[in-house]
Amino acid sequence: MKTQCEKCDMELQQDGVAYICSYECTYCEECTKQMDNVCPNCSGELVRRPKRTKKENE
Ligand SMILES: [Zn+2]
Ligand SMILES: [Zn+2]
């Protein structure tokens, strides 16, 4: 799993908001909005990456 936006190199938190295309190009929310949810590499649609649903038992 990538942890940086491919456009602006911003660090992306694993549990934070990120967008990916079907080729797993990864972008931050800000860049995704600027690109109208279209991946500039493959012209694929960017969708919100699902959050990890890890259950934490403390
Ligand atoms: Zn970005
Ligand atoms: Zn892509």
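The legends below describe close-up views of a predicted model.

**View 1. Overall arrangement of the chain, in which one helix and three strands are found.** Followed along the sequence, these elements come in the pattern β-β-α-β. Of the 58 residues of the chain, 21% count as buried. Among the contacts with a separation of 6 or more, those between residues 24 or more positions apart make up 28%.

**View 2. The open sheet of three strands, ordered β2-β1-β3 with antiparallel pairing.** The edges of the sheet are taken by β2 (26-27) and β3 (47-48), and because each of these has a single partner strand, one side of each is left without a neighbour in the sheet. In general, strands of a sheet pair through backbone hydrogen bonds, in either the parallel or the antiparallel sense.

**View 3. The pairing of strand β1 (residues 19-20) with β2, which is antiparallel and runs over two bridges.** Within this pairing, I20 stands opposite T26 in β2. Both Y19 and I20 also belong to the largest nonpolar core, and both are in contact with L46.

**View 4. The largest nonpolar core, a set of ten residues.** Its members are C5, L12, A18, Y19, I20, C21, Y27, C28, C39 and L46. In soluble globular proteins, nonpolar side chains tend to be buried together.

View 5. When neighbours within four places in sequence are left aside, L46 is in contact with Y19, I20, C21, Y27, T32, N37, V38 and C39.

**View 6. The backbone at D9, a residue other than glycine with a positive phi, near 65°.** D9 lies in the segment before β1, and it counts as exposed because 9 C-beta neighbours are found inside 10 Å, where a residue with 12 or fewer is classed in this way. Most residues other than glycine have a negative phi.

**View 7. The backbone at N37, where phi is again positive in a residue other than glycine, with a value near 60°.** N37 is placed in the loop between α1 (29-34) and β3, and it is among the residues in contact with L46. With 15 other C-beta atoms within 10 Å, N37 is partly exposed, since that class lies between the cut-offs of 12 or fewer for exposed and 20 or more for buried residues.

Technical notes. Residues are numbered from 1 along each chain as its sequence is written. Chains are lettered from A and ligands numbered from 1 in the order in which they are written. This is a predicted model: local features need pLDDT of at least 70, side-chain atom pairs count only at pLDDT 80 or more; totals for chains, interfaces and linings use all residues. Helices (H or I, at least four residues) and strands (E, at least two) are DSSP runs, numbered from the N terminus. Two residues are in contact if their C-beta atoms, placed from the backbone, lie within 7 Å. A nonpolar core is a set of buried Ala, Val, Leu, Ile, Met, Phe, Trp, Tyr and Cys residues joined through C-beta atoms within 7 Å. Two strands pair if DSSP finds at least two bridges between them.
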